[in-house]
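Dear colleague,

Please find the structure below, followed by a short account of what was found in it.

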Protein chains: 2
Amino acid sequence: MSAYQSLRGIASEVALITSTESVLGWDQETYMPEKALGHRAQQLSYLSGKAHGLLTASRTRKLLERAEAEEPENERQKANVQGLRRLIDRATKLPQRFVEEEKRVTTRAKAVWAEARRQSDFSRFAPKLEMILGLARRKAELLGYDDEPYDALLDLYERDAKTREVAALFAKMRPQLAAIARAAVARSKELKPGVLKGRYPCKQQQILNREIAESLGYDFGAGRIDTTAHPFCATLGPGDVRLTTRYDETKFLSSLFGVMHEAGHGLYEQGLPGCDYGLPGGSAASLGIHESQSRLWENHVGRSRLFWTKWLPRAQELFPHLKKVKLDAFMQAILGSEFSFIRVEADEATYDLHILLRFGLERRLVRGALDVKDVPRVWNEEYRELFGRTPPDDRHGCLQDIHWSMGGLGYFATYTLGNINAAQLFAAARRQRNVAAGLERSDYAPLLKWLRENVHAHGAALTPTRIMQQATGRPADPKWHIAHLRERYLG
Amino acid sequence: MSAYQSLRGIASEVALITSTESVLGWDQETYMPEKALGHRAQQLSYLSGKAHGLLTASRTRKLLERAEAEEPENERQKANVQGLRRLIDRATKLPQRFVEEEKRVTTRAKAVWAEARRQSDFSRFAPKLEMILGLARRKAELLGYDDEPYDALLDLYERDAKTREVAALFAKMRPQLAAIARAAVARSKELKPGVLKGRYPCKQQQILNREIAESLGYDFGAGRIDTTAHPFCATLGPGDVRLTTRYDETKFLSSLFGVMHEAGHGLYEQGLPGCDYGLPGGSAASLGIHESQSRLWENHVGRSRLFWTKWLPRAQELFPHLKKVKLDAFMQAILGSEFSFIRVEADEATYDLHILLRFGLERRLVRGALDVKDVPRVWNEEYRELFGRTPPDDRHGCLQDIHWSMGGLGYFATYTLGNINAAQLFAAARRQRNVAAGLERSDYAPLLKWLRENVHAHGAALTPTRIMQQATGRPADPKWHIAHLRERYLG
């Protein structure tokens with residue numbers, strides 16, 4: 001057996017453990033009773049430690065060196081070995097105790113955050129955030145960085161991204177985004193309100209969500225949709241990619257777009273090469289690429305007029321009071337824009353501003369330029385500056401997102417990177433005649449096939465930069481995203 | 001640190017792994033999508049192997065020897081060391097590869113069985129049963145036995161039970177049970193049918209199930225109820241004991257008694273000493289004791305007139321068409337008896353006959369006196385002999401139970417042993433004035449307290465025999481069970 005084959009064996013074993021962690025994590029968010037939390041934190045910490053121990057064992061490192069010395073059989077093997085080098089080097093920089101502690105702290109912090117959010121009381125969460133921030137800083141020091149500690153965290157989610165470059169990109173986009181948002185919100189105020197008012201029974205929403213997710217190509221034989229406070233997509237193993245959503249019986253679009261968004265993530269995961277499961281070639285390239293898939297399906301497909309030409313009649317069957325709503329009015333209602341306090345409820349025209357706020361704030365937190373205790377005040381000030389009003393409480397402000405409680409500092413920027421990638425990929429895909437023709441007849445298979453071939457099939461065997469370059473012929477550039485927003489919201 | 005403390009540490013680590021297996025197993029039965037099965041089998045097999053490896057490692061065995069040489073601090077420590085000796089010796093007899101293979105085969109066999117049952121086609125399941133039988137025989141040889149291989153399997157579920165003694169007990173009970181069943185069924189034929197006819201909406205059933213489970217003392221903060229094809233109770237960790245049931249909107253009692261049964265198991269698990277979690281002192285004594293708890297709450301409490309004096313009015317609120325039903329008529333309907341093809345739907349008066357059939361058949365299978373291919377024929381013949389009619393198909397015959405597909409040969413006898421223990425324990429508990437008084441006013445706390453102290457608190461620190469002796473002053477004897485059936489069904 002070649003060293004590469006043996007190394008693959010170890011990677012599979014690591015994947016057995018990490019996918020088991022995913023089952024435990026999914027259960028924690030969906031069905032786990034509250035008193036199970038302490039033991040669950042121990043289980044997760046134990047498994048994290050085991051996976052880490054395996055990945056960093058001297059036998060693994062020796063096999064990696066031998067695999068690097070072997071002549072690769074193909075490009076994929078070469079990419080897998082390089083990717084494993086990156087993962088193993090990174091893991092080796094983190095002591096096992098650190099990994100276990102991080103998992104234990106964040107598993108418990110999620111519950112504390114949820115309670116603090118329920119009570120809208122940041123002071124309850126602050127001590128945990130302090131711990132998590134301490135862990136994040138230690139992690140950055142352990143991993144190393146060029147310019148500033150935030151680089152090390154950002155790189156965990158977006159390979160090769162540099163804080164300074166992202167900050168410059170966001171600074172350049174900010175005035176454009178702010179102008180689009182202001183104009184879109186102003187224009188929406190002129191719309192007739194209440195067009196979609198009515199009751200949308202949960203069961204009927206579930207029927208529509210499922211039909212639409214299936215029509216996009218999401219495989220329910222290898223997935224399902226459950227209900228959680230926050231929608232997410234989780235991969236529990238090959239053949240097991242699950243989505244979640246939530247329901248509000250006064251509106252159906254929030255749950256539906258949530259499902260389309262998560263289904264976008266799910267389609268990517270279901271499309272990763274199964275033969276490389278557990279290896280870089282069978283894993284997502286980055287969160288910026290992941291998010292491009294969710295945004296593409298949610299926004300570019302799901303919020304388009306073409307999409308609703310097909311699906312509004314079906315929605316009218318399920319929700320008969322919609323029968324009086326014409327497509328034009330429906331589209332105006334869908335594309336109405338407002339300054340929401342809550343990021344996950346924000347529309348496209350205002351969404352990125354939420355990210356800019358978080359990115360800047362996180363960067364200062366990690367750098368030590370902002371104290372945890374000042375987060376609510378600074379959040380509210382920044383929000384007011386961007387959106388012109390102040391969140392009424394912490395639940396609608398700095399306590400709204402789960403990310404910090406999960407230890408996900410460095411994560412937020414990938415949402416806007418995803419928006420940029422989504423617009424650019426969708427524009428490239430639509431230049432294919434069969435993709436455009438498919439969309440005309442509400443057949444999403446050609447689009448999915450294009451994404452499978454140009455994005456999914458590469459896994460992390462290509463860098464995000466290479467994926468964007470190869471798929472679109474250009475490096476990632478916000479101009480498609482800005483143009484898309486202008487056309488849709490100001491056009 | 002004493003050797004005992006170190007050994008406890010290893011037992012905790014094993015429990016982290018096995019409880020993770022429980023989460024994976026629970027998910028497999030409740031929510032896992034079908035295409036996840038292959039990977040799930042690998043995860044379970046991997047974890048089983050890891051737990052087994054840890055339990056049988058030479059370091060563990062050396063610590064055990066040193067712990068045995070230490071002066072125990074108390075009786076509990078002594079019992080834990082003895083129990084670990086038993087577990088570790090048993091595990092050491094089974095090679096890790098065998099354990100992994102067994103888990104892989106049975107995880108997949110469950111899905112094959114479910115499909116065969118759906119199709120009512122035993123021939124689809126037969127090859128898997130052949131494999132499982134082969135594994136069971138190999139296991140018996142590896143574990144060793146005195147009289148016959150079945151002893152080794154039975155002992156896995158019912159500590160110290162001997163096949164020959166169980167067979168003698170069942171042979172002695174058989175004519176009594178058959179006479180009771182015949183008379184009960186004959187008497188039920190005279191009853192007015194259709195008293196409980198009507199629609200029982202699932203949501204309303206769930207309300208009643210939950211209220212009743214709570215009133216027995218089941219803690220929903222550390223548990224939940226989900227829906228599965230077959231009801232079960234699973235412990236996923238301390239503070240995490242989950243029940244499942246199923247719903248039929250034409251009747252509510254089947255789901256409710258299912259919940260009371262599983263809640264009985266759940267109360268036992270929730271009552272095991274948390275300080276000894278992962279050790280014998282914090283684990284169930286045997287399945288015969290476990291089943292005594294489920295039967296006690298389901299049958300002795302749940303099917304009693306006293307119980308329905310309190311709960312019929314509540315049921316009538318939830319299901320208004322029951323308002324016309326008087327308590328006498330309701331009790332007659334509940335206690336009606338018939339020869340069901342399906343064990344889990346059988347009433348108390350006929351239930352044990354189902355067990356006698358399975359026990360005899362399994363024993364012959366394991367001994368090699370019965371071929372897998374002849375199972376449907378022999379099942380149907382035996383059924384006819386006991387119940388006077390022939391199952392219409394395999395789904396209503398030898399394919400109805402999940403046990404064989406899980407590798408659970410040796411399991412069935414514990415149901416009747418549980419019935420025997422339940423009647424004897426309930427009789428002893430009712431001799432306590434406060435327990436009897438509690439039941440009179442539908443307060444189940446004194447009964448639960450008595451069970452906690454006399455059964456739950458011991459975990460497996462006492463043998464099933466000792467538990468019965470200490471709790472009731474007598475060794476287990478079927479006379480209370482037989483007397484209970486006579487009084488309830490022929491009285």
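Axes here are lines fitted to C-alpha atoms, for helices over the stretch in contact, and angles run from 0 to 180 degrees between N-to-C directions. Helices (H or I, at least four residues) and strands (E, at least two) are DSSP runs, numbered from the N terminus. The model is predicted: local features need pLDDT of at least 70, side-chain atom pairs count only at pLDDT 80 or more, and totals for chains, interfaces and linings use all residues. Residues are numbered from 1 along each chain as its sequence is written, while chains are lettered from A and ligands numbered from 1 in the order in which they are written.

In chain A, the axes of helix α14 (residues 348-367) and helix α15 (residues 375-387) come within 10 Å and cross at roughly 145°. Two residues are in contact if their C-beta atoms, placed from the backbone, lie within 7 Å. From α14(A), the contact involves A:L353, A:L357 and A:L361; the residues from α15(A) include A:W379 and A:E382.

Chain A is divided into domain 1 (3-109) and domain 2 (163-490), with bounds from an automatic or database domain assignment. Their C-alpha centres lie 28 Å apart, and each domain gives 20 residues to the contact between them. On the side of domain 1 of chain A, α1(A) provides the largest share, twelve residues.

Chains A and B also touch, with 27 residues from chain A and 27 residues from chain B. On the side of chain A, α1 (3-30), α2 (37-56) and β2 (233-237) each supply at least two residues.

Yours sincerely
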